[in-house]
Amino acid sequence: MLVLARKVNESIMIGDDIEIVIIDIKGDQVKLGIKAPKSVAVHRKEIYDEIQKENIAAMQSKVKPDTLKDITDILQTHKEKNIDNSKK
Amino acid sequence: MVTIVTKPFGQIEVDERQIIDFPEGIYGFEDIKKFVILDAKEKSPFKWLQAYDEPDLAFVIIRPVDFMMQYELDVMPEDLEDIGAKSPEDVLVFAIVTIPEDPSKMTANLQGPVLINPKARKGKQAISLCDKYTVRHYILEEIKKAQVKG
């Protein structure tokens, strides 16, 4: 991994068109500004990790042959119950 | 027709045209590039997203609008282009469902919506740009919220 030391208002370039500017440093937090073409997706790393973790959790859901029927019934009952409540 | 082994139904036959390419896979399962969507046996808003050549790998999915009427897709235009779609109207949007021990606490992942272009038979998991969508929305709670609002 390339490691670079930067001060506030300094920046690094990634390729020709992505610039990362150090906007502010306070304690253990760094504020970054990212200038990149619109087509470049910029997300916090945690988002990827969270989605990945959730996919794995979803895949490990204990499903039986009747699971879809069971959750469909739960959903329907819940919807009907809420409609009844809102009429009262 | 081709024969595949599925998690919910065991061995079944599917039409080759049902196979959807996921060139980038799904986060955490990047090596799985082909899926098929299987309907439930009974009428249901839930479906299966079954890996084509991994029998044990299947996700339960639901369209976000089926539990959140005001859901709006907010992804990068490139996510649509990647699957050969020109506009959001060209794609089907699904959320992957996690079903815990108590199924009434099932959640849907709106942070990583699964987009499918049925015409091109291509799909991908995108990342929502809208930060009100998280990886765990309690499906029953969302229905309640929507109905209270009216």
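How much space lies in the second largest pocket? About 180 Å³ of space lies there, a pocket being an open set of points on a 1 Å grid over the protein atoms alone, where a 1.4 Å probe fits, with protein on both sides within 12 Å along at least five of seven lines. The volume is the space filled by probe spheres set on the points. The model is predicted, and local features need pLDDT of at least 70, while side-chain atom pairs count only at pLDDT 80 or more. Residues are numbered from 1 along each chain as its sequence is written, and chains are lettered from A in the order in which they are written.

The second largest pocket is lined (an atom within 4 Å of a point) by residues of chains A and B, including A:K62, A:D70, B:I99 and B:P103. Its lining comprises five nonpolar, one polar and four charged residues.

The largest pocket has a volume of about 570 Å³. Of its 18 lining residues, A:L32, A:I34, A:V42, A:H43 and A:R44 lie nearest the centre. Strands (DSSP runs of E, at least two residues) β2 (18-26) and β3 (29-35) of chain A each give two or more residues to this lining, and β3(A) provides the largest share, five residues.

Both strands belong to an open three-stranded sheet of chain A, ordered β1-β2-β3 with antiparallel pairing, where pairing requires at least two DSSP bridges between two strands. β1 (11-14) and β3 of chain A stand at the edges with a single partner strand each, so one side of each lacks a neighbour in the sheet. β2(A) and β3(A) pair over seven bridges, and A:I20 stands opposite A:I34 in β3(A).

How values were computed: Heavy atoms only, no water. Helix = DSSP H or I, 4+ residues; strand = E, 2+ residues; numbered from the N terminus. Nonpolar A, V, L, I, M, F, W, Y, C, P; charged D, E, K, R; others polar.
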